[in-house]
Amino acid sequence: MIDGEGQVLEYPLRGDVALVKAEKGDRWGNLVYRKSARNFGPTMASAAKCTIAQVYETVALGALDPECIVTPGIFVTRVVKVPRKPQRLDAEKAA
């Protein structure tokens, strides 16, 4: 009851595992995103019990600007570095 009115309480959904992709990360799991990866990455990282972050570049501790960190390392369980695949031009795809 809130102010004499009955209310419905809906509990949040929690995922078991979240797989997020970030541009940079350090070994503590602090993440910096690029472009639209910033839309759901931070939300999913904070909502899951276990978060695995795929990063293209790992940097030393303290190298990330604190103002640019979107997901703090407390939400990240594992950081996996993967190589960036080379992008093909549209002309190469058509040929």
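The dialogue below treats the sheet, the core, the charged pairs and the backbone in turn.

Student: On what basis are the values stated?

Tutor: This is a predicted model, in which local features need pLDDT of at least 70 and side-chain atom pairs count only at pLDDT 80 or more, whereas totals for chains, interfaces and linings use all residues. Residues are numbered from 1 along each chain as its sequence is written, and side-chain values use heavy atoms, with hydrogens and water left out.

Student: In what order do the four strands of the open sheet lie?

Tutor: Strands (E, at least two residues) and helices (H or I, at least four) are DSSP runs numbered from the N terminus, and two strands pair if DSSP finds at least two bridges between them. Here the order is β2-β1-β3-β4, with mixed pairing.

Student: How many bridges join the individual pairs of strands?

Tutor: β1 (residues 15-25) and β3 (residues 48-58) pair in the parallel sense over nine bridges. β3 and β4 also run parallel, joined by four bridges, while β1 and β2 run antiparallel with two. K24 illustrates the arrangement: its bridge partner in β3 is E57, and K24 also stands opposite V32 in β2.

Student: Which residues make up the largest nonpolar core?

Tutor: In soluble globular proteins, nonpolar side chains tend to be buried together. A nonpolar core is a set of buried Ala, Val, Leu, Ile, Met, Phe, Trp, Tyr and Cys residues joined through side-chain atoms within 4.5 Å. Buried means under 20% relative accessible area, exposed over 50%, and partly exposed in between, with a 1.4 Å probe and protein chains only. The largest core has seven residues: V20, A22, L31, Y33, A53, V55 and V76. The elements that give two or more residues to this core are β1 and β3.

Student: What does A53 touch, apart from its neighbours within four places in sequence?

Tutor: Contact means heavy atoms within 4.5 Å. With those neighbours set aside, A53 is in contact with V20, L31, V76, R78, V79 and V80.

Student: Is L64 buried or exposed?

Tutor: L64 is buried, at 11% relative accessible area, and its place is in the loop between β3 and β4. Beyond its neighbours within four places in sequence, L64 is in contact with several residues, including K24, V32 and I69.

Student: How many salt bridges are counted?

Tutor: Side chains of opposite charge can pair when their charged atoms come close. A salt bridge is a side-chain nitrogen of Lys or Arg within 4 Å of a carboxyl oxygen of Asp or Glu, and the count by this rule is two. One joins the side chains of D16 and K49, at 3.6 Å from N to O. Since D16 lies in β1 and K49 in β3, the pair ties together parts that are 33 residues apart in sequence. D16 is exposed at 52% relative accessibility, and K49 is exposed at 60%.

Student: What of E23 and R84?

Tutor: The side chains of E23 and R84 form a salt bridge at 2.4 Å, N to O. E23 lies in β1 and R84 in the loop between β4 and α2 (90-94), so the pair ties together parts 61 residues apart in sequence. E23 counts as buried at 17% relative accessibility, whereas R84 is partly exposed at 45%. A charge sits over a ring if NZ of Lys or CZ of Arg is within 6 Å of the ring centre and within 35 degrees of the ring normal. R84 lies over the face of Y56, at 4.2 Å from the ring centre.

Student: Where do positive phi values occur?

Tutor: Most residues other than glycine have a negative phi. K35 has a positive phi of about 55° although it is not a glycine. K35 lies in the loop between β2 and α1 (41-47) and is exposed at 66% relative accessibility. G29 has a positive phi of about 100° and lies in the turn of the hairpin formed by β1 and β2, which have five residues between them.
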